[in-house]
Amino acid sequence: MRAVIGLGNPGKKYESTRHNIGFLILDAFAEKQRLFFKSSKRDYLYSEGTLRSSDFFLIKPTTFMNLSGIAVLDFISDHPTMMNDLLVITDDVNLELGKIRLRQSGGDGGHNGLKSIIYHLQNDNFPRLRFGVGNKFDEGELAGYVLDRFSEKELDSIKEGFDLSVDLVYHFIAGGYKSMMDHFSRFNKMKKSDQQESDKIEGQN
């Protein structure tokens, strides 16, 4: 069994904000798979299904970002999950808007949601998908920036990365971290090849 945790804050106030990209990606994946989120007796919403013989859960903590670890610990207490079968999706202000970084383990990178999960699990050996939301904010304005909504221009800019993230969730569930990384590598090679071809054509004009 595999589980995908999308990080964010609950409530309409935070819908479509940069900090909620984890929720947004899970919502898009669930819609594509015709799944719906349900309330649990714990502090998270969940959806479940089977993909290519792999059972899975989608989890959205309702604890607010800084306490995400409580919900994740509750989930794996009820549904024992190997750390390498747990994918966490989060925003990252250290990455360019729409860029994706995959890691099999590591620290929290200054992200409070990841920090809470690592603290409560006492373990940082779980895969994570970091989605870049950019860092165009002045000193001391980080909180306001991540809790603000994406502009229409930004939504256009992140579409490719967003769609790719939904595909990466599919590959993680179907085949684990390696399958997800293989798909990511193929995408990047194809994009690089397309760019080189485009540059070649441009140079001929």
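Start at the largest pocket: its lining has 6 nonpolar, 8 polar and 3 charged residues. Here Ala, Val, Leu, Ile, Met, Phe, Trp, Tyr, Cys and Pro count as nonpolar, Asp, Glu, Lys and Arg as charged, and the others, Gly among them, as polar.

This is a predicted model, where local features need pLDDT of at least 70, side-chain atom pairs need 80 or more, and totals for chains, interfaces and linings use all residues. Residues are numbered from 1 along each chain, and side-chain values use heavy atoms, without hydrogens and water.

Now show helix H4 (142-146). H4 gives the largest share of the lining, 3 residues. Strand S5 (86-92) and H4 each supply at least two. Helices (H or I, at least four residues) and strands (E, at least two) are DSSP runs, numbered from the N terminus.

Next, select helix H2 (residues 68-78) and helix H3 (residues 112-121). Their axes, lines fitted to C-alpha atoms over the stretch in contact, come within 7 Å and cross at roughly 45°.

Zoom in on the contact (heavy atoms within 4.5 Å). Ser68, Gly69, Ile70, Val72, Leu73 and Ile76 in H2 meet Gly113, Ser116, Ile117, His120 and Leu121 in H3. By class, that makes 6 nonpolar, 5 polar and no charged residues.

Methods
Axes fitted to C-alpha atoms, helices over the stretch in contact; angles between N-to-C directions.
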